[in-house]
Every structure is written in C-alpha cells, then in structure tokens.
Amino acid sequence: MIQQQEDPQRDRQPSDRPEAAGSNPIAVPSIKELQQRDRPFVLADSLGQIVAVNSAFEQAYGWRDQQLRGKSLSVILPAAFKMSHQLGFSRFQALETSTILAHPLRLKTVCVDGREVVSEHFIVAEKVEGVWVFGATLTPLPDQTPTDA
C-alpha cells in the first residue's frame with residue numbers, strides 16, 4: 001500500500017480540489033480513496049514525476065515501483081500522446097482547472113515491454129500543503145476497446 005505523510009482529507013479547503021468541467025466535487029473520490037482500491041494506481045507530484053505505483057499497477061503493466069519512482073509520467077505514455085499530455089499538464093499548472101479530471105478516459109498505457117494497453121484512466125488532483133499531487137487508477141480494458149484520444 002502506498003503511504004502518504006499527510007492525510008489530504010484533513011483540513012481540505014474548497015480550493016484544494018480543482019473544478020473539473022461538469023463534475024460534482026462531492027462524488028469525486030480522493031487520492032487516498034483511489035489508493036485503497038484494488039485497481040492499478042499511480043501517484044505523481046506537482047512536476048509530473050512518479051512518486052509511487054501500487055502492486056496492482058506492477059502486475060498489470062510489468063513496471064516495478066523502483067523503475068518508475070522519480071521518473072516522468074511520460075514513461076508510461078505512448079509517444080503520440082506525450083506532447084498533448086505535457087500541454088494539458090502545463091495548462092493545469094497555470095490555470096488550476098481541467099476538463100479531464102474526475103472523468104473516466106480510455107487511453108493507452110505503456111507496459112515495461114513496450115506494449116500499449118488500452119486502459120481506463122481516472123485522474124484526480126489535490127493540494128497537499130499547498131502543492132498539487134495527482135493520483136490515477138489505470139484499469140486495463142479488453143484489447144479492442146477504442147480510445148478517447
């Protein structure tokens with residue numbers, strides 16, 4: 001289980017969660033809640049560096065936590081998606097708003113062996129001690145599932 005030093009639920013202010021277009025903030029799970037699920041999970045810092053992955057992520061995609069810790073999220077992104085991810089990440093950093101947070105997205109995830117697996121990404125962001133952190137479940141889907149991007 002991935003450990004956080006501080007419970008992001010404690011002392012959460014309304015501004016500690018970005019507004020996602022069309023979202024209902026009450027129904028959005030916290031990073032801690034996502035971590036406690038049995039789905040593949042990745043935690044990233046405000047710079048987009050991977051902080052940790054859980055054992056379900058390791059089993060699904062073949063990566064080990066030690067291989068990814070401190071690396072950019074782009075390591076697990078297909079080459080064709082890296083630029084748009086960087087632009088969206090930069091936009092979020094500047095504006096603190098997003099149209100993709102807290103919505104299931106069918107995207108590809110790169111496995112340790114280079115295969116690209118369609119998976120459902122559910123991404124949330126929270127401020128912890130004034131700094132954004134990002135958590136996501138990346139649930140593998142059947143091979144022929146179309147992607148959203």
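**Briefing on the fold of a predicted protein model**

The protein chain has four helices and seven strands, and the structure shown is a predicted model. Followed along the sequence, these elements come in the pattern β-α-β-β-α-α-α-β-β-β-β. Of the 149 residues of the protein chain, 43% count as buried.

**The chain as a whole**

- The protein chain exposes about 8,400 Å², of which carbon and sulfur atoms supply 52%.

- Five strands form an open sheet in the order β3-β2-β7-β6-β5, and their pairing is antiparallel.
- At the edges of this sheet lie β3 (50–53) and β5 (105–110), each of which pairs on one side only, while the twist from one strand to the next averages 35 degrees.
- Strand β5 pairs with β6 (residues 116–128) in the antiparallel sense over six bridges, and arginine 106 has glutamate 120 in β6 as its bridge partner.
- Helix α4 (residues 79–95) packs on the sheet, where it touches β5, β6 and β7 (131–140), and its direction makes about 145 degrees with that of β7.
- In general, strands of a sheet pair through backbone hydrogen bonds, either parallel or antiparallel.

- Arginine 64 lies in the loop between α2 (55–61) and α3 (65–68), and it counts as partly exposed because its relative accessibility is 41%, a value between the 20% and 50% cut-offs.
- Leaving aside residues up to four places away in sequence, arginine 64 touches Glu58 and Gln59.
- The C-alpha atoms of arginine 64 and asparagine 54, which are ten residues apart along the chain, are separated by 8.8 Å.

Terms used. Residues numbered from 1 in each chain as written. Predicted model: local features only at pLDDT ≥ 70, side-chain atom pairs only at ≥ 80, totals over all residues. Heavy atoms only, no water. Helix = DSSP H or I, 4+ residues; strand = E, 2+ residues; numbered from the N terminus. Buried < 20%, exposed > 50% of the residue type's maximum accessible area, 1.4 Å probe, protein only. Areas by Shrake-Rupley, 256 points an atom, 1.4 Å probe, with all protein chains shown as cover. Contact = heavy atoms within 4.5 Å. Pairing = 2+ DSSP bridges. Axes fitted to C-alpha atoms, helices over the stretch in contact; angles between N-to-C directions.
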